[in-house]
Every structure is written in C-alpha cells, then in structure tokens.
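This report describes a structural model, taking its elements in turn. The sequence and the coordinates are shown first.

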Protein chains: 2
Amino acid sequence: MSRPTIDDVARLAGVSIATVSRCLHMPDIVAAKTRERVLSAVRQTGYNLNAAAQSLRQRRSNTVLVVVPDIGNTFFSEILGGIEQEASAAGLTMLIGDTGRSKTREDAYVRYLLNGRADGALLLADPQAAWFEIPTRNDLGIPPIVVISEVGPDSGPVAVSIDNEAAAHAAVNHLIGQGHRRIAHIAGPPSNILTAQRLHGYRRALNEADLPLQAELEFPGDFGLLSGRAAFDNFKAQTERPTALFFANDEMAMGFLSTAYAAGVRVPRDVSVVGFDDIHFAQSCIPALTTIRQPRAAMGASAMRLLLSIIAGEAAASVRLPYELVLRDSTAALIPTA
Amino acid sequence: MSRPTIDDVARLAGVSIATVSRCLHMPDIVAAKTRERVLSAVRQTGYNLNAAAQSLRQRRSNTVLVVVPDIGNTFFSEILGGIEQEASAAGLTMLIGDTGRSKTREDAYVRYLLNGRADGALLLADPQAAWFEIPTRNDLGIPPIVVISEVGPDSGPVAVSIDNEAAAHAAVNHLIGQGHRRIAHIAGPPSNILTAQRLHGYRRALNEADLPLQAELEFPGDFGLLSGRAAFDNFKAQTERPTALFFANDEMAMGFLSTAYAAGVRVPRDVSVVGFDDIHFAQSCIPALTTIRQPRAAMGASAMRLLLSIIAGEAAASVRLPYELVLRDSTAALIPTA
DNA sequence: ATTAGACATGTAAACCTTTACATCGTGGCT
DNA sequence: AGCCACGATGTAAAGGTTTACATGTCTAAT
C-alpha cells in the first residue's frame with residue numbers, strides 16, 4: 001500500500017538500517033557479500049529513498065532553483081544549459097520556476113526557497129521586489145541567491161551580467177559609424193532594470209557623436225513581438241523617418257521586420273535594424289539580424305559556480321562578462337539621399 | 001547560526017509548538033490574542049517552515065514536476081501556462097525539469113519523482129525509456145505520471161494529445177485542395193513518436209488522392225532550424241521540385257523560409273509551406289506561416305486536471321483534444337506551369 | 001599467547017513538523 | 001449548584017533518514 005522504507009529493506013536483507021544506508025551512499029565500505037544482499041533487497045522491495053527524510057536529516061536538499069520570468073522567452077534556454085552543467089557536476093538537481101511575471105507565482109517560489117526546498121536560487125533577469133525583501137542574513141539559514149543580468153544600484157545580491165550600457169553604446173555606435181544620424185531606440189518595459197541601462201547607452205552614443213536626443217525617437221516597448229509591430233507604425237508615421245532602429249531586444253526587432261516586410265519597407269535598404277540578445281531565431285530572420293550577443297552559457301555557468309561557492313561558505317563577488325556585437329544583414333551603410 | 005524552528009517561535013510566544021503550527025495552517029481555530037502573539041514571534045525570529053519536515057510528516061510535497069525535453073523549444077511555454085493555472089488552483093507549486101534530451105538528466109528527474117519530492121509528474125513530449133520503466137504499481141506509493149502529446153501503442157501512462165495523424169492529413173489535404181500534386185514532407189527525428197504519426201498522415205492524404213508515395217519526397221529532419229536549411233538544399237537539388245512542403249514542425253519551416261528567401265526562392269509563389277505547432281513566431285515569419293495549431297494551454301490544463309484526479313485516487317483515462325489548421329500566407333493555389 | 005588495530009556492522013539520537021488525543025477552564029443550561 | 005459541552009491549548013507519537021559512537025571479530029605483530 002505505502003512506500004517501502006529503509007526498515008523493510010533492512011529486514012529483508014537481515015541487516016541494520018545503517019548498513020542499508022551505507023550501501024546506498026558509500027558502497028565501498030561495506031562487505032561485498034552484504035552489499036549484494038542489500039542491493040537485491042532494494043530491488044525486491046522496490047525501495048526508493050524518501051527525500052523528505054533525507055533533507056530533514058542532512059539539512060540540505062541538493063536542489064537549485066532557477067527562477068525565470070517567462071519560459072517562453074527563448075533568451076533563457078542557453079543560460080539554463082550553462083547552469084545545468086555546473087549544477088549536475090556538483091551533484092545538484094536544477095529545477096526551474098516560471099513566474100510568468102506574476103507576483104503570486106513569484107511568491108510561491110520565494111517560499112519554496114525559504115522553506116528549504118532548494119539550497120540556493122538563481123534569478124534570471126527582471127527580479128521583482130519579492131526577492132529583495134528576503135533578508136540576506138545567513139544567520140537565519142536563508143539559502144543564497146545569485147542574480148543573472150543586472151541588479152539595481154543598491155546591488156544587494158551577487159550578480160552575473162554584461163555591461164548593458166556599454167553594449168547598447170556599441171550597437172548605436174556601429175550605426176553611427178555607418179553614417180546614420182537619425183537613430184531611434186525601441187525601449188523595453190519601464191519596470192525592467194535593463195531598459196534604463198540600454199537607453200543610457202543609446203543616449204551616450206548619440207551624445208558623443210553630437211547628435212541630438214529627440215523624444216520622438218525613443219519609442220516605448222515591452223520586449224514583445226507586438227511592440228515591434230507598433231514600432232513600425234510609429235516609424236512610418238514620422239515625417240522625417242529614422243534611418244536606423246536600435247531595439248532593446250531581438251523579439252521586438254523581429255516583430256518590426258515582418259511588419260515592415262509586409263508593408264514593403266525593405267531592411268536594410270530603407271532602414272537598418274539592430275537587436276539585442278542574439279536569440280536562436282535571430283540568425284534566421286529575414287534579413288539575418290545584427291545584434292548584441294550575450295555569452296549566455298557562460299553566464300549561467302558562472303552564476304552557478306558563484307552560487308556554489310557561496311553555499312560552500314566562501315566569499316563571492318559579482319561578475320561581469322563580455323558581450324559581442326554580431327554583424328549580420330540587417331544593417332547597412334546609409335545611402336545619402338539625393 | 002541555523003534556521004529558527006517552530007520551537008524557537010513557541011518559546012518566544014510562550015505557547016506550545018502545536019499552537020504555532022495551528023496559527024500557521026488553521027489560524028481561525030486559535031484565539032485572536034494568542035494568534036497575534038505567535039505571528040509576531042514568527043516575524044521576530046524570522047521563522048520559515050521546514051518543508052522537509054512537513055513533507056515527511058504529511059507524506060506529500062505539494063509539488064508537481066513538469067519534465068520538458070528542451071526548454072528552448074518555444075512550443076512548450078503555453079502548455080506550461082495551462083498547467084500552472086490548474087496547479088496553483090490546487091495549491092501545488094509547479095517545477096520544471098529540463099532534460100535537454102540527456103539521459104543522465106532525465107534519470108535525475110525520474111529519481112526526483114521517485115524520491116517523493118513531487119506528488120506527480122507531467123511529461124511533455126518525447127518521453128524516453130526511463131519513464132516507462134517506472135512501475136506504475138501504486139502499491140509502492142509511486143507518484144502518478146501523465147504524458148502530454150503522444151504515447152506509444154502500448155500506451156502505459158495516461159496521455160493528453162491531439163490526433164497527430166489526422167492533423168497531418170488535414171495539412172496535406174489543404175495543399176492537395178490547392179492543386180498541389182508534388183508534395184514533400186520533412187519529418188521529425190526518427191526517435192520521436194510523433195514523427196511516425198505525422199508521416200502516416202502525410203502518406204494517407206497522398207494515398208487518398210491517388211498520388212504516388214515517393215521516397216525522395218520524404219526528407220529527413222530533426223525539428224531544428226538547420227534541418228529546415230538542409231531541406232532547402234534537398235528541395236533545390238531535385239530535378240522536378242515539389243511545389244509544396246509539409247514540415248513536421250514550425251521551426252524547420254522557418255529555417256527553410258529564411259534560406260529560401262536568401263536564395264531568391266519566393267514563398268508561396270514558388271513553393272507553398274505548411275508547418276506544425278503554431279509556435280509564437282509562426283505569425284511573424286515572412287510570410288506568415290500556415291500551420292497546425294495545437295490547443296496548448298488546454299492541453300496543459302487538461303493534463304494537470306487529469307493528474308490531480310489520479311492523485312486523488314480517481315480513475316482517469318487519456319484525453320484527445322481538437323487541433324486547428326491555421327491558414328496564413330505561406331500557402332497558395334498552385335499556378336499551373338505553362 | 002596477547003594485544004593493537006583495522007574492518008564490518010549495529011545502536012540510538014537527532015532532524016522538525018503535524019495531528020490524534022488529552023487536558024483545562026468557562027459559560028450556559030437545568 | 002452541578003453538569004455538559006465546547007473552545008483553546010498542551011502532550012506526545014510518528015514520519016524515514018543519516019551518522020557519531022559503540023560493539024564485535026579478525027589479522028598481524030609482538
């Protein structure tokens with residue numbers, strides 16, 4: 001009826017429960033003959049370890065929680081790969097919590113961590129308030145947290161990120177270098193910390209090239225396909241259209257590309273486009289998208305290693321990794337109009 | 001140094017641990033004044049429930065594990081949304097395990113479930129062997145499993161799916177209805193159960209229209225962007241090119257679209273394209289992709305409800321949900337060549 | 001022959017909750 | 001006045017491991 005326990009195995013094998021436990025975790029210190037008998041009893045009973053009891057006793061769960069704002073965002077998958085690699089090398093199981101940007105769900109995962117179901121958490125982007133209300137006092141035995149992507153200026157938790165401001169600056173500089181003078185920026189959602197940083201990079205690049213900042217060239221956006229479409233309408237409505245667009249992420253750029261194509265506006269002939277993130281589909285856009293690549297696998301791995309060392313009680317500081325401007329076919333030198 | 005326990009709270013509030021527990025779970029049966037004192041003690045100590053102890057005592061974890069073969073595949077996100085909704089309504093936390101199609105990782109999640117860390121599991125697509133070696137004997141207290149998408153003919157576990165064979169048939173029939181006679185199919189990976197079913201649908205449609213099955217019209221594929229590109233090379237190399245292509249998923253179709261575009265082959269003028277899944281980006285392909293939509297949210301919700309009822313000890317049978325052929329711009333009537 | 005030590009196994013405590021049952025006090029009823 | 005019932009709280013057992021320590025056996029060195 002109910003799960004077999006270690007007692008059942010011990011009884012069947014004619015040994016004590018301590019020996020069973022040892023067979024399972026340190027097989028080499030138990031006599032070969034005994035071990036064989038025990039393992040056979042394990043098979044016969046269909047025994048499985050009770051993780052709750054184990055966690056309770058060991059005061060750890062051998063699990064790492066990765067909290068993602070939106071699984072649908074393809075940006076995250078490669079990061080997860082990097083995390084998994086390091087996690088499983090350290091004997092931890094990686095579990096993903098998808099908040100769907102909902103406060104309720106987010107709270108559920110905060111509780112999950114606080115209740116000791118995970119030995120630590122990795123937060124991907126867009127960290128909402130709930131996580132920062134967690135006291136970091138490890139005198140309370142609260143599991144450590146590492147943030148991937150940016151954290152606010154108060155920078156409570158340890159973080160792994162690229163320099164978003166510099167990357168945005170590089171992207172816009174590339175456009176300026178190609179002769180563009182009227183460059184628009186489609187921003188991310190205002191709530192996102194990255195939005196401000198990428199916007200700053202955009203503005204700084206314009207400033208340094210003595211180009212004017214114009215409010216009508218800063219389009220709102222929310223990182224979704226639809227924002228990209230809206231950006232096209234916005235673009236089209238302008239009396240003096242920008243010749244280049246810098247999107248705060250690839251998905252919006254893709255939304256723009258398809259809408260523009262349908263409306264007969266050609267990229268890069270009529271307008272150059274730069275994205276941000278280098279998501280999987282960026283290479284198969286039409287045209288292939290020039291964008292900023294973040295070293296996603298490395299970011300994940302790096303964050304996981306950081307988390308592990310904090311769990312191990314070592315001091316650890318935030319890490320900044322290099323980005324890369326990937327030149328593809330969506331940008332071209334400005335053709336001076338006659 | 002270490003986590004505060006319920007004892008610490010009880011001592012501080014001057015009550016027994018039973019009262020503390022009651023305050024946390026059934027606040028209304030404890031006197032208002034006491035409750036207040038206890039809750040304040042909880043705040044002061046920074047107490048958090050120890051999930052391991054709770055699970056151990058209650059013999060359940062209030063967690064559902066969702067196993068995904070590849071988080072990067074955007075196909076899954078909407079399914080997860082449907083699952084989450086039902087799960088949280090039932091008071092369960094949804095956790096995602098990403099196997100990355102690796103046997104090792106998959107085993108890790110099997111163990112996770114078997115160890116009682118989750119009260120049940122939902123498998124998304126591509127179920128590998130490991131899961132089916134799990135004895136379903138619930139006399140051993142093994143948590144139940146529900147599969148989303150197809151299961152093999154032996155159909156051990158309960159499943160939620162669409163009729164892939166019929167859907168493929170409908171897709172190809174649409175092409176035939178538009179006058180196409182030479183229709184190719186780009187299959188999924190041979191290991192995937194869906195591959196065979198979609199292939200059968202394709203073949204049956206051809207058969208019913210008295211069109212010959214030709215080996216050179218059945219391209220291999222693996223559901224990835226690159227297979228789509230390879231399909232283009234394959235397409236281009238044929239002496240008598242197909243006039244329509246039915247891809248076993250959208251991602252491959254997208255790979256084809258961008259390659260074809262770059263090579264000057266126009267869709268749907270030169271060749272019609274149908275995908276499968278209706279992933280997020282299908283609407284913003286160039287041209288927008290005709291495809292089969294699976295009711296993803298409904299599939300997730302349905303599977304979760306099924307799992308819940310099995311957990312509750314009720315009998316439950318597999319469910320089949322309706323699909324939909326979404327007509328967009330990548331297919332057109334065949335223009336008879338002069 | 002005696003004993004130190006290595007090796008294999010057993011004993012029992014600790015990990016932290018939940019919950020059935022017991023206790024105690026109070027107010028309402030007869 | 002005495003009793004019942006009920007509401008609020010306490011007591012203690014149970015849930016299944018891991019692991020420090022104890023025990024016992026055997027080998028090898030003196």
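## Helix H11 of chain B

In this predicted model, H11(B) is followed by Gly264(B), a residue with a positive phi, near 80°.

H11(B) is largely enclosed by the rest of the structure, because 11 of its 13 residues are buried. The buried residues are Asp250(B), Glu251(B), Met252(B), Ala253(B), Met254(B), Gly255(B), Phe256(B), Leu257(B), Ser258(B), Thr259(B) and Ala260(B). Their packing partners in chain B are strand S6 (183-186), helix H10 (225-237), strand S8 (244-247), strand S9 (272-274) and strand S10 (291-293).

## An open parallel sheet in chain A

In chain A, 4 strands form an open sheet with parallel pairing, in the order S7-S6-S8-S9. Strand S7 (218-219) and strand S9 (272-274) are the edge strands, each of which pairs on one side only. Strand S6 (residues 183-186) and strand S8 (residues 244-247) of chain A are joined in the parallel sense by 4 bridges. Within this pairing, Ile186(A) has Phe247(A) in S8(A) as its bridge partner.

## Phe223 of chain A

The loop between S7 and helix H10 (225-237) of chain A contains Phe223(A). Is Phe223(A) buried or exposed? With 27 other C-beta atoms within 10 Å, Phe223(A) is buried, the cut-off for a buried residue being 20 or more.

Leaving aside neighbours within four places in sequence, the residues in contact with Phe223(A) are Gly188(A), Pro189(A), Asn249(A), Glu251(A) and Met252(A). The C-alpha atom of Phe223(A) is separated by 9.6 Å from that of Asn73(A), although the two residues are 150 residues apart along the chain.

S4(A) runs parallel to strand S3 (residues 120-124) of chain A, to which it is joined by 4 bridges. In that pairing, Leu124(A) has Ile148(A) as its bridge partner in S4(A).

S4(A) also pairs in the parallel sense with strand S5 (residues 158-162) of chain A, over 3 bridges. Here the bridge partner of Val146(A) is Val158(A) in S5(A).

## The two chains and their interface

Chain A is superposed on chain B by a rotation of 180° with 0.0 Å of shift along its axis, at an RMSD of 0.1 Å. The two copies are therefore related as by a two-fold rotation axis.

At the interface, 48 residues of chain A are in contact with 48 residues of chain B. On the side of chain A that touches chain B, two or more residues come from each of helix H4 (51-58), helix H5 (77-89), strand S2 (93-98), helix H6 (103-114) and helix H11 (250-262) of chain A. This side of chain A has 22 nonpolar, 20 polar and 6 charged residues. The copies meet through the same surface, because 100% of the interface residues of chain A are also interface residues in chain B.

H2(B) provides the largest share of the surface near DNA strand C, with 6 residues. By class, the surface near DNA strand C has 13 nonpolar, 10 polar and 4 charged residues.

Which residues come nearest to DNA strand D? Of the 28 residues around DNA strand D, these are Ile6(A), Ala18(A), Ser21(A), Ala18(B) and Thr34(B). At least two residues of the surface near DNA strand D are supplied by each of H2 and H4 of chain A and H2 and H4 of chain B. H2(A) gives the most to this surface, with 6 residues. The residues near DNA strand D comprise 15 nonpolar, 9 polar and 4 charged.

Conventions: Residues are numbered from 1 along each chain as its sequence is written. Chains are lettered from A and ligands numbered from 1 in the order in which they are written. This is a predicted model: local features need pLDDT of at least 70, side-chain atom pairs count only at pLDDT 80 or more; totals for chains, interfaces and linings use all residues. Two strands pair if DSSP finds at least two bridges between them. Two residues are in contact if their C-beta atoms, placed from the backbone, lie within 7 Å. Ala, Val, Leu, Ile, Met, Phe, Trp, Tyr, Cys and Pro count as nonpolar, Asp, Glu, Lys and Arg as charged, and the others, Gly among them, as polar. Copies are superposed by least squares on the C-alpha atoms of residues with pLDDT of at least 70 in both. A residue is buried if 20 or more other C-beta atoms lie within 10 Å of its own, exposed if 12 or fewer, and partly exposed in between; C-beta atoms are placed from the backbone. A residue is near a molecule or strand if its C-beta atom, placed from the backbone, lies within 6 Å of it.
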